[in-house]
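Here are a few friendly notes to read alongside the model.

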Amino acid sequence: MISLGIGFFFFILIGVPVAFVFGLAAFVVVVMTDVPLVIIAHQFFTGLNNFTLMAISFFLLTGMLMEKGGLARRITDFAMDLVGWITGSLLQVAIVAATILAAMSGSGSADTAAISSALLPEMKRRRYNVDFSAALIATAGTLAQIIPPSTMLVLIAVTNNLSISALYLGGIIPGLLVVPGLMYLAWRHAKKGGPAYAPIERFSLGRLGVSFLRAIPALGLGVVILGGIFSGLATATESAALAVVYAIIVGRWVYGDLKLAELPRIFLKAGAFSAGIMFLVGGAIVFNWLMATEGVPDAVSAWLAATVSSPWSFLLLMNVFLMVFGMPMESFAMILLLSPIFLDAAVDYGLNPVHVAVVFVFNCVIAMISPPFGGTLFISALVAQRPISAVTRHIYPLWALMTLVLLLITYIPDLVLYLPRIAGFVQ
Amino acid sequence: MTRAIRVFRSVTDALLIALFAFMVAAVVFGVAGRYLHFKISYSVELATYAQIWMTAIGAGVALRFGAMFALDTLSRHLGLAAQRLLSVVIAGFSLLLMGVMFYGGVILTESGLRQMSPVLQFRMSWIFLAVPVSTFILGVEIVLRLIERWNDPFGGDAEEVA
C-alpha cells in the first residue's frame, strides 16, 4: 500500500502524464509482489471494454460540433436578445448562454471555448474588464459538468455502478442554483464598472421571438439528448451518438455553418481528447484494482469509522480533501481514483450514493476554476489572450459562490435527491 | 526520416477518424435497428471494440496534441539543462511502462487465440492486439516528443489542434 502511494506521488510530482502514472505506480507494486505483469494489460483492457464510457467521447464530439456548426452561436444570439438589456449585458449573456449550452453539451471546456470565442472580442471592444469576464465565462462554462448531460457524471456513474439518469436528475438543481449567484456577481461588477457596461440594446419581444425561432434547431439538441435518456427511449450512450448525428445535420444543412471538409479535423480533435481520457480510465482501472487488492478502500473506511463520527463530518472532510486535491489534480483522474473510496465509505455512513456522487462531481467542477491548474480558467485566459495569473485574481468571488452552493447541496441533500426521488430512482 | 514520421502520423490520424466515425455509426444503427425492427445485435460489441481500438490508436495522437495532463510544478522552476534531464527521465519512465504493457499485451494477445467474442465469434486476440499496438505507437510518440521538444521540453505542444 505504501509503495503504491509513494510511486503514485513520485511520478505525479516529476511531471509524468497522469494517464501513465496510474500504470507506473501499479507496475511498482507488481514488481514488489507476485502479481503477474500481464495483469496490467488485462485490467487496462477490461477498463476500456465498456459501452457506457463511449458517451463521454460522443458528448465531447457534440460540444465541438456545436461550436463549429453555429449551434452555440444561435444560442448565444438568443441569450443576447433575452438578457442584453440588463446592465453588464454581455456578462449576463455569457451566463445564460452557458446555462443553455450546458443542457446540450457534456464538456465544460467546449462550452467555455465557444462562449469565450463568441463574446470576449466584443467584451474587449466595449472595454469590459477582460480578466473578470474571462473568469466569469470560465465559471459559467463549468455548468456543463453538473447540468446534464455531463461527462463527469457519466464517468462517476460508470466507476461506481450508479444510474446515469439518477445522477443527471440530481445535477439539475445544483447547477441551476449557481446561475442566480453568477448573475448577481456579474451585475454587481457591472454596476461598479461605469458606462462600458451599459446595456447593448433595449428589450424587444419581436427580436427575441425571431432569435428564438432561429435557435430552435440548436435547442432541439437538448431534446434529443435529455429526451432520449429520461424517456427511456435510448441509453445515455445512444442519445449521445444521436446527438452527434443531429448536430452534424443541423450544423451542415439547417444553419449551413459546418463544412463537411471540416469534419475529419473535428473528429480527430475530439478523438484525441477522448483517447486521452480513455487511456486515463484504463490506467485507473489497473490502479484501482491493485488498491482493492492491497486493501486500501477497507483501510480508509476503517480509519474514517474510527476518526469521523457523523455523516456530516464525513462530508465536510470529503469536501475539504477534494478541494485541496482538486487544485493540482485533473478532475477525471480524481473521479477515477477517489470516488470509489469515498462512495464506499459514504454508504457506511448511511448516505445516499447519488447525493454523494453529485457532491463529489461538484467538487470536481470547482477544481476546474481553482488556481493554479483550473481547466476552464486556462481556456478562457487563452482566448482572452491574458495571463492566467491576471484572470485568476478575479476568480475568488466566483469560487466563493461555487463553494457556497457546494455547502448547500452537501447539507441539504434534497437539493440533489428531490428530482431523482420523484422520478423513482431513489427511495 | 521526416517523411516516415509524417506518413506514420497521417496513418494514425486517419485510423483514429475512421474508428471514431465507425463508433458513432454502429451505435446509431443499433438504435435504428431497435425501432425499425432490423436486428443488429452485434452493434454494441462492434462499437465497444471500436472504442478500444480508437483509444489504442488515439493515445499517441493525444500525447502529440497535448491532451494528456501532467503537472509542471517542478519543471517550471528549472533551467534548460535541468528541464532536458527531467524530460529524459519522464520519457524513460513512460517508455518503461510502455515496455511492460507491450510485454503484457503480447501475452494477452496470445491468450486471446483461445477465446471468442460473445456475439460476433471472432478471436479475441484481434481485440487484445490493441494493447501492444497502442503501447508501440505511444512509445514512438514519446521518443519523437523528446526530440521535437529538446529546445523547449515543457513549452507548447508539438502540434496544436486547429
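1. Let's begin with a charged pair: Glu238(A) and Arg34(B) form a salt bridge, their closest N and O atoms lying 2.8 Å apart. The term stands for a side-chain nitrogen of Lys or Arg within 4 Å of a carboxyl oxygen of Asp or Glu. Across the interface of chain B and chain A, the rule finds one salt bridge.

2. On provenance, this is a predicted model, where local features need pLDDT of at least 70 and side-chain atom pairs count only at pLDDT 80 or more, while totals for chains, interfaces and linings use all residues. Residues are numbered from 1 along each chain as its sequence is written, chains are lettered from A in the order in which they are written, and side-chain values use heavy atoms, without hydrogens and water.

3. How much area do the two chains bury between them? Chain B and chain A bury about 5100 Å², 82% of it on carbon and sulfur atoms; this is the accessible area (1.4 Å probe) lost on being put together, summed over both parts. In chain B, Phe20(B), Phe69(B) and Leu71(B) lose the most area to chain A, together 14% of what that side buries.

4. In contact terms (heavy atoms within 4.5 Å), 61 residues of chain B meet 56 residues of chain A.

5. Away from those counts, Trp312(A) belongs to a nonpolar surface patch whose members, including Leu316(A) and Tyr411(A), have about 780 Å² of accessible area together. Patch residues have over 30% relative accessible area and no salt bridge, with like charges joined within 9 Å and nonpolar side chains (Val, Leu, Ile, Met, Phe, Trp, Tyr) within 5 Å. Accessible areas come from the Shrake-Rupley method with a 1.4 Å probe, and for residues only the protein chains shown count as cover.
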